[in-house]
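Subject: Structure handover and notes

Hello,

Here is the structure for your files. My notes on it follow below the display.

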Amino acid sequence: MTDKVAHTAGLIWHTLNGKGPVKFTALQRQVKVPAPLLHMGLGWLAREDKIELTPNGRSFYIRLK
């Protein structure tokens with residue numbers, strides 16, 4: 001399972017690379033993984049201090065640091 005989470009974190013990183021903030025729902029459509037796996041990948045990147053999460057109403061924006 002760790003390999004899947006690490007792979008998803010890589011997909012997220014590549015998707016966000018060179019882009020401004022992306023809304024969570026847009027990121028989920030672009031990465032095309034189940035929501036729980038996307039959450040785990042985001043957690044991985046957050047733990048490594050690679051992303052910034054900005055609340056926006058009931059959702060949030062994600063961008064690389």
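Is Phe24 buried or exposed? Phe24 counts as buried, because its relative accessibility is 11%; buried means under 20% relative accessible area, exposed over 50%, and partly exposed in between, with a 1.4 Å probe and protein chains only.

Before the rest, the conventions. This is a predicted model, in which local features need pLDDT of at least 70 and side-chain atom pairs count only at pLDDT 80 or more, while totals for chains, interfaces and linings use all residues. Residues are numbered from 1 along each chain as its sequence is written, and side-chain values use heavy atoms, with hydrogens and water left out.

Aromatic pair

The structure holds one aromatic pair. Its members are Phe24 and Phe60, in a tilted arrangement with 5.4 Å centre to centre and 40 degrees between the planes. Rings of Phe, Tyr and Trp (its six-membered ring) pair if their centres lie within 6.5 Å; planes under 30 degrees apart count as stacked, over 60 as edge-to-face and the rest as tilted. The pair links distant parts of the chain, since Phe24 is in helix α2 (residues 24–31) and Phe60 in strand β3 (residues 59–64), 36 residues apart. Helices (H or I, at least four residues) and strands (E, at least two) are DSSP runs, numbered from the N terminus. Phe60 counts as partly exposed, because its relative accessibility is 26%.

Ser59 also lies in strand β3. With a relative accessible area of 17%, Ser59 is buried. Leaving aside neighbours within four places in sequence, Ser59 is in contact with Lys23 and Phe24, where contact means heavy atoms within 4.5 Å.

Sheet

Three strands form an open sheet in the order β1-β3-β2, with antiparallel pairing. β1 (22–23) and β2 (51–56) stand at the edges, each with a single partner strand, so one side of each has no neighbour in the sheet. Two strands pair if DSSP finds at least two bridges between them.

Six bridges join β2 to β3, and two bridges join β1 to β3.

Axes are lines fitted to C-alpha atoms, for helices over the stretch in contact, and angles run from 0 to 180 degrees between N-to-C directions.

Helix pair

Two packed helices are described by the angle between their axes and the distance between the axes. α2 and helix α3 (residues 35–47) pack at an angle of about 110 degrees, with their axes 11 Å apart. α2 is therefore roughly perpendicular to α3; angles under 35 degrees count as roughly parallel, over 145 as roughly antiparallel, 65 to 115 as roughly perpendicular and the rest as oblique.

On the α2 side, Phe24, Leu27, Gln28 and Val31 meet Ala35, Leu38, His39 and Leu42 of α3. By class, the contact of α2 with α3 has six nonpolar, two polar and no charged residues. Ala, Val, Leu, Ile, Met, Phe, Trp, Tyr, Cys and Pro count as nonpolar, Asp, Glu, Lys and Arg as charged, and the others, Gly among them, as polar.

Ala46 is found in helix α3, and it counts as partly exposed at 36% relative accessibility.

Loops

Lys32, in the loop between α2 and α3, has a positive phi of about 60 degrees although it is not a glycine. Lys32 counts as exposed, because its relative accessibility is 70%. Asp49, in the loop between α3 and β2, has a phi near 60 degrees, a positive value in a residue other than glycine. At 47% relative accessibility, Asp49 counts as partly exposed.

Regards
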